[in-house]
Amino acid sequence: MINRRHLIATGAAAAMAGCGQVERPLYSADAHVADYPTVQGVQAMARMVEERSGGRQRVKIFAGAQLGSERDTLELTIFGALDLNRVNLAPLNAFASETIIPSLPFLFNSVEHMRTSLDGAPGQAILDALRPHGLVGLCFYDSGARSFYNTRGPVHAPEDLQGLKIRVQNSDLYVAMVQALGANPTPMSFTEVYQGLVQGVIDGAENNMPSYESTRHFEAARYYSYSRHVMAPEILVMSKHRWDRLSGEDQAIFQQAARDSVPVMRELWDARVNNARDRVLASGVETNEIADIGAFSDRMESVWDRFVASDVQRRLVEDIRNLGGQV
């Protein structure tokens, strides 16, 4: 059985071995369950890698947080005990400030804008920023467009959020965003949200449609308003310790296979979004498009000023905004 202690031991042994043939598969972690699109994306990459390397390189995936939380497995990946990891951007923010940028509220004007930006030069700059910190960024996977949902009524303007207790992730950025919109941010574990909605501890939350559906939050919060305020992606990384032990040929195989897995993951994600939306609508949930998104994004100036602090970050924002007019 593979566990954290085993990974540390095998990672240390591999690091001492130096360059050489990889005897075991590369281990990859994902906190999502086995049928989740990110896991299936990595599975697609693994098949490509094995085929293109003639079986020389293989990947074994541990889904469902078998190896620990994302923060725990990220430490293992940096250390070299874990080879590959699919993680959210949030744990990376502390040491690579470039990773904050895709999480800025109302940065992307559409899913197409987000995907074009991450597939292009801005995305590559964010991936490259991880190398000095022991990680090689391989590709971005979708994590959906997050919107507000609540128990009170539809949201058409920021005033409709005034005073509502909105669950947010334990993130300074999300807290600042919700405060700027006039609501009361309430950091809470994701597993506690359903009960919080039912008991009235919170009035609402924000997330993508598949999460809203799969957690049954739609049973308690019957109003879902498409603000699409954040479209932060997820990211697939490889330990630089492992990367440096790969031949140039195998590095190229992994890099291309990761890129080729992205459209596979996106197709699965889009289907999941559509299926979740259909189920939610069939239950009688009221959804609405927000006509004046500018009324929301105009309140983000102080948030951006706080979290976009360096020239590097400002250039990334400018490059992404410029791409917005091309999609």
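**Overall fold and the setting of Lys165**

Of the 327 residues of the protein chain, 53% count as buried (under 20% relative accessible area, with exposed over 50% and partly exposed in between; 1.4 Å probe, protein chains only). The model is predicted, so local features need pLDDT of at least 70 and side-chain atom pairs pLDDT 80 or more, while totals for chains, interfaces and linings use all residues. Residues are numbered from 1 along each chain as its sequence is written, and side-chain values use heavy atoms, without hydrogens and water.

The protein chain holds 13 helices and 11 strands (DSSP runs numbered from the N terminus: H or I of at least four residues, E of at least two). Its radius of gyration is 20 Å, close to the 20 Å that the globule rule gives for 327 residues, so the chain is as compact as a globular protein of that length (C-alpha atoms; 2.2 Å times the number of residues to the power 0.38). Along the principal axes, the C-alpha atoms fill a box of roughly 60 × 40 × 30 Å.

Lys165 lies in strand S6, residues 165-168. Lys165 counts as partly exposed because its relative accessibility is 31%. Leaving aside residues up to four places away in sequence, Lys165 touches Asn184, Thr186, Gly200, Val201, Ile202, Asp203 and Gly204 (heavy atoms within 4.5 Å). The side chain of Lys165 reaches the backbone oxygen of Val201 at 3.3 Å. Ala205 is 40 residues from Lys165 in sequence, with 8.2 Å between their C-alpha atoms.

How values were computed
A polar contact is a pair of N or O atoms within 3.5 Å; within protein, one must be able to donate a hydrogen and the other to accept it, and residues adjacent in sequence count only if both atoms are side-chain atoms.
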